[in-house]
Amino acid sequence: MVNKIKTCVFISGKGSNLLSLIKSSREYNFPIKINLIISNNIKAKGLNLAKKYNIPYRFISSKNQKNFERNCLYEIKKRKIRFLCLAGFMKILSNKFISDFGYKIINIHPSLLPKYKGLNTHSRVLKHKERYSGCTVHFVDAKLDSGRIILQKKVSIDKRETKNSLKQKILLQEHKLYPQSIISIFK
Ligand code: GRF
């Protein structure tokens, strides 16, 4: 595909979803190209992927939200980025940032939204003895894990499920669901 959509990925941690997006974006017909990776955590393992795959990256501190968003917008506009994917990014973006950016922003969350927004999803799911959980890709608005849902994948919870086994089970699905969602947005 010649005209891939210029994309930035925001991360805070390990970056396993980032890796799945990098791999997909290297396929000829995948609609996006990752032109920039931004982490608000200097120790994020995901930054090593940026180095490994030769993708421009920036660490931008989010201690001060206004400065963080201003610096991000500067880097994003400079590169004519038209799409933003949040992948394990642990901050809520302001309405101002979302409207100043002006293009689509999507996020992945490890639950069947609107259930279990926020942190510690898997332990809360297990505590409530749910029989199913899953993951959701959704558009981002200024409320936590709240924008319009793009795609979801359901997984069943075993009797002996632990927080860790559930996390791994759902992550496997996340790595497929995120690229599928991007394809579905731009088809
Ligand atoms: C994923 O479970 C994602 O849904 C959530 O944070 C986790 C990030 O994992 N938002 P990784 O950094 O992509 O490995």
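1. Isoleucine 182 is in contact (heavy atoms within 4.5 Å) with Leu21, Phe30, Pro31, Ile32, Phe83, Cys85 and Ile106, leaving aside its neighbours within four places in sequence. The model is predicted, so local features need pLDDT of at least 70 and side-chain atom pairs count only at pLDDT 80 or more, while totals for chains, interfaces and linings use all residues. Residues are numbered from 1 along each chain as its sequence is written, and side-chain values use heavy atoms, with hydrogens and water left out.

2. Isoleucine 182 is also among the residues with the most contacts inside the largest nonpolar core, together with Val9, Ile34, Cys85, Ile106 and Tyr178; this core has 34 residues. A nonpolar core is a set of buried Ala, Val, Leu, Ile, Met, Phe, Trp, Tyr and Cys residues joined through side-chain atoms within 4.5 Å. Buried means under 20% relative accessible area, exposed over 50%, and partly exposed in between, with a 1.4 Å probe and protein chains only. Helix 6 gives the most to this core, with 6 residues. A second, separate core has 19 residues, including Cys8, Ile81, Leu86 and Ile105.

3. Helix 6 covers residues 163–186, and its 24 residues should span 34 Å at 1.5 Å a residue; the end C-alpha atoms are 34 Å apart, which agrees. The expected span is 1.5 Å times one less than the number of residues. Helices (H or I, at least four residues) and strands (E, at least two) are DSSP runs numbered from the N terminus. Glu174 is itself one of the buried residues of helix 6, as are Gln173, Leu177 and Tyr178.

4. Isoleucine 170 is in helix 6 and counts as buried because its relative accessibility is 0%. Beyond four places in sequence, isoleucine 170 is in contact with Pro110, His122, Ser133, Gly134, Cys135 and Val155. Its C-alpha atom is separated by 33 Å from that of lysine 66, 104 residues apart along the chain.

5. Helix 1 (residues 16–25) has 8 of its 10 residues buried, so it is largely enclosed by the rest of the structure. Ser16, Asn17, Ser20, Ser24 and Ser25 are among the buried residues, as are Leu18, Leu21 and Ile22. The buried residues of helix 1 pack against strand 1 (5–11), strand 2 (32–39), helix 2 (46–52), strand 4 (83–86), strand 5 and helix 6.

6. Threonine 136 lies in strand 6 (residues 132–139) and, at 0% relative accessibility, counts as buried. A polar atom of its side chain lies 2.6 Å from the backbone oxygen of serine 111, and the side chain of threonine 136 reaches the backbone nitrogen of leucine 113 at 3.1 Å. A polar contact is a pair of N or O atoms within 3.5 Å; within protein, one must be able to donate a hydrogen and the other to accept it, and residues adjacent in sequence count only if both atoms are side-chain atoms. Not counting residues up to four places away in sequence, threonine 136 touches residues including Asn107, His109, Ile149, Gln152 and Leu177.

7. The loop between strand 5 and helix 5 holds proline 114. A cis peptide bond joins leucine 113 and proline 114, with omega about 10°. Asparagine 120 lies in the loop between strand 5 and helix 5 and has a positive phi of about 50° although it is not a glycine. Most residues other than glycine have a negative phi, and most peptide bonds are trans. Asparagine 120 counts as exposed at 58% relative accessibility. Lysine 80, in the loop between helix 3 (65–78) and strand 4, has a positive phi of about 55°.

8. Glycine 118 is in the loop between strand 5 (104–109) and helix 5 (121–127) and counts as buried at 15% relative accessibility. Glycine 118 touches His109, Arg124, Leu144 and Asp145, not counting residues up to four places away in sequence. Glycine 118 and aspartate 145 are 27 residues apart in sequence and 7.0 Å apart in space, C-alpha to C-alpha.

9. A search of the whole structure finds 0 disulfides (pairs of cysteine sulfur atoms within 2.5 Å). For cysteine 72, the nearest cysteine sulfur is that of cysteine 8, 7.1 Å away; cysteine 72 counts as buried at 0% relative accessibility.
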